[in-house]
Amino acid sequence: MKKQNNERYQFRTLTGYDHLVVTLSGRAGKWLAGTTKTNDGYIVCHRTLMHDLLSRMQLMPVTSTGFRRPLSLNAGQAQYSELQLQAEWSIGRKVIRRLMAEMESVGLINVQKSTVASTVTFPFVRNWTINGMVIDNPYHRNYLMHVTTEEGGNCL
């Protein structure tokens, strides 16, 4: 009897740049150290989910054609679909929404939903370097200024 192939999603990794400079609050660092259970019972690190989402970030302005309508994306933005993340990550849609809300509350992402598409920006990313050229993230916010010891302790 042949075993069933239980192939799992291969999470995306960060590529396309030489260096990535980030600013994390203590709360963001703690969240990234956490885990979530997938629908099939596997434990996945929040850091892995964040890397997968961050790997979708555009490094240069582009017109995305991967969804229903073409969408102009700026450097520092990514287009996403809850249904796509649900299928790829093997996590229910309610959990996807909770994870996105948690990432937003700790300053890792900002979500913008419209009738055309859902986009996400990454305010914790300060800049990236491609072939020696430093590109500043227009969506960067320095959350370190807003963190107090009561909110999350030391920043990474």
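This is a predicted model: local features need pLDDT of at least 70, side-chain atom pairs count only at pLDDT 80 or more; totals for chains, interfaces and linings use all residues.
Reader: Thanks. Which order do the strands have in the sheet that contains β6?

Author: The order is β6-β8-β7, in an open sheet of three strands with antiparallel pairing. Strands here are DSSP runs of E with at least two residues, helices are runs of H or I with at least four residues, and both are numbered from the N terminus. Two strands pair if DSSP finds at least two bridges between them.

Reader: And which strands are at the edges there?

Author: The edge strands are β6, residues 77-80, and β7, residues 110-113, and each of them pairs on one side only. On average, neighbouring strands of this sheet are turned by 25 degrees against each other, direction ignored.

Reader: How many bridges link β6 to β8?

Author: Four bridges link β6 to β8, which spans residues 118-121, and the pairing is antiparallel. Within this sheet, Gln77 stands opposite Thr121 in β8.

Reader: What about β7 and β8?

Author: They also pair in the antiparallel sense, over four bridges, and a hairpin of four residues joins β7 to β8. Lys113 stands opposite Ser118 in β8.

Reader: Moving on, what is the strand order in the sheet with β1?

Author: That open sheet of three strands has the order β1-β9-β10, with antiparallel pairing. β1 (19-22) and β10 (133-136) stand at its edges with a single partner strand each, so one side of each has no neighbour in the sheet. Its neighbouring strands are turned by 20 degrees against each other on average, direction ignored.

Reader: Which residue stands opposite Val22?

Author: Val22 stands opposite Val125 in β9. β9 covers residues 125-130 and pairs with β1 in the antiparallel sense over four bridges.

Reader: Now salt bridges: how many does the structure hold?

Author: The structure holds seven salt bridges, a salt bridge being a side-chain nitrogen of Lys or Arg within 4 Å of a carboxyl oxygen of Asp or Glu. One of them joins the side chains of Glu88 and Arg12 at 3.7 Å, N to O. Glu88 lies in helix α3 (residues 82-89) and Arg12 in the segment before β1, so this pair ties together parts that are 76 residues apart in sequence.

Reader: Is Glu88 buried or exposed?

Author: Glu88 counts as buried, at 17% relative accessibility, whereas Arg12 counts as partly exposed at 32%. Buried means under 20% relative accessible area, exposed means over 50%, and partly exposed lies in between, using a 1.4 Å probe and protein chains only.

Reader: What is the N to O distance between Asp52 and Arg56?

Author: Their side chains meet in a salt bridge at 2.5 Å. Asp52 is buried, with a relative accessible area of 0%, and Arg56 is buried with 8%.

Reader: Where do Glu82 and Arg93 lie?

Author: Glu82 lies in helix α3 and Arg93 in helix α4 (residues 93-105), so their pair ties together parts that are 11 residues apart in sequence. The N to O distance in this salt bridge is 3.1 Å. Glu82 is buried at 11% relative accessible area, and Arg93 is partly exposed at 34%. Separately, salt bridges that share partners join Arg12, Asp52, Arg56 and Glu88 into one network.

Reader: Changing topic, at what angle do α2 and α3 pack?

Author: Helix α2 (residues 46-54) and α3 pack at an angle of about 130 degrees, with their axes 13 Å apart. The contact is made by Leu49, Asp52 and Leu53 of α2 and Leu85, Glu88 and Trp89 of α3, where contact means heavy atoms within 4.5 Å. Axes are lines fitted to C-alpha atoms, for helices over the stretch in contact, and angles run from 0 to 180 degrees between N-to-C directions.

Reader: One last item: which residues does Met103 touch?

Author: Met103 touches Trp31, Met50, Leu53, Leu108 and Ile109, not counting residues up to four places away in sequence. Met103 lies in helix α4 and is buried, with a relative accessible area of 0%. Met103 and Ala28 are 75 residues apart in sequence and 7.6 Å apart in space, C-alpha to C-alpha.

Methods:
Residues are numbered from 1 along each chain as its sequence is written. Side-chain values use heavy atoms; hydrogens and water are left out.
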